[in-house]
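Please open the structure in a viewer and keep the selection panel at hand.

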Amino acid sequence: MNTSALPDLAFPGRDKLIAAVDTAIAASDHHAVTAALRNSMCALIRDRDVQLPDCVFDPIDDHYARRELYRSAEHGYSVVAMTWAPGQGTPIHDHCGLWCVEGVWDGELEITQYELLERDGERFRFRAAGGMHAGPGSAGSLIPPHEYHTITNASGDTIAISLHIYKAPMENCSKFQPQSDEWFLRIDSTLKTDNAPA
Ligand SMILES: [Fe+2]
């Protein structure tokens, strides 16, 4: 495998961030790994040695930006920074069965979790099952099957930045299109990453 092709952006504190994730990922199972990563994420967000690359602070007009900062050849995980212009957000989606730890680096995000009530083929019935308004320095995790959620930057004037560590690169997922009442149609979706100059 040619590991030189894996995403690996240079930024202040990059080595510290990767070392912290590598340590957390060595925990025994995915519950322990995500708990350790949440702690590491909270510490990293507050650590002034770690400055995410400039591109992360550039929103993209017509969609929230996903920039992969690093992918581990050894452990397989992927670190993605997302940039949310005011009002940008996601539909209900899943994470393709991958655990993920997400931290708010800057700004504020609304995260709503959905409970799957029933399923009829590709039609899913969801109900909002709680949410949180997350500010800088907060981190949460998603562990399948509890993975249906939306993320929105509800601010009218402030950009939000979040950092996501996935068990493996998430290249597709399911998105859910509202139909009627609590019913949604599942759509297979390919996730793209935006250019992140090295
Ligand atoms: Fe998500």
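The stops below concern a helix and then a cavity.

The model is predicted, so local features need pLDDT of at least 70 and side-chain atom pairs count only at pLDDT 80 or more, while totals for chains, interfaces and linings use all residues. Residues are numbered from 1 along each chain as its sequence is written, and side-chain values use heavy atoms, leaving out hydrogens and water.

Select residues 30-46, helix α2 (helices are DSSP runs of H or I, at least four residues; strands are runs of E, at least two; both are numbered from the N terminus).

Next, select Val 33, Thr 34, Leu 37, Ser 40, Met 41, Leu 44 and Ile 45, which are buried in α2 (under 20% relative accessible area; exposed is over 50%, partly exposed in between; 1.4 Å probe, protein chains only). Seen down the axis of α2, the buried residues fall within an arc of 130 degrees, so they line one face (directions from the helix axis to the C-beta atoms). They pack against α1 (14-25), β4 (100-106), β7 (139-142) and β9 (160-166) (contact: heavy atoms within 4.5 Å). The face turned away carries the exposed residues His 31, Asn 39 and Arg 46.

Then select Asp 29, which caps the N-terminal end of α2, a side-chain oxygen lying 2.9 Å from the backbone nitrogen of His 31.

Finally, display the largest cavity, with a volume of about 100 Å³ (a set of points on a 1 Å grid over the protein atoms alone where a 1.4 Å probe fits but cannot get out; lining residues have an atom within 4 Å of a point). Of its 17 lining residues, Tyr 64, Met 82, Thr 90, His 93 and His 95 are the closest to its centre.

Technical notes:
The expected span of a helix is 1.5 Å times one less than its number of residues. A polar contact is a pair of N or O atoms within 3.5 Å; within protein, one must be able to donate a hydrogen and the other to accept it, and residues adjacent in sequence count only if both atoms are side-chain atoms. On a 1 Å grid over the protein atoms alone, a cavity is a set of points where a 1.4 Å probe fits but cannot get out, and a pocket is an open set with protein on both sides within 12 Å along at least five of seven lines; lining residues have an atom within 4 Å of a point. Grid points are joined across faces, edges and corners, and a volume is the space filled by probe spheres set on the points.
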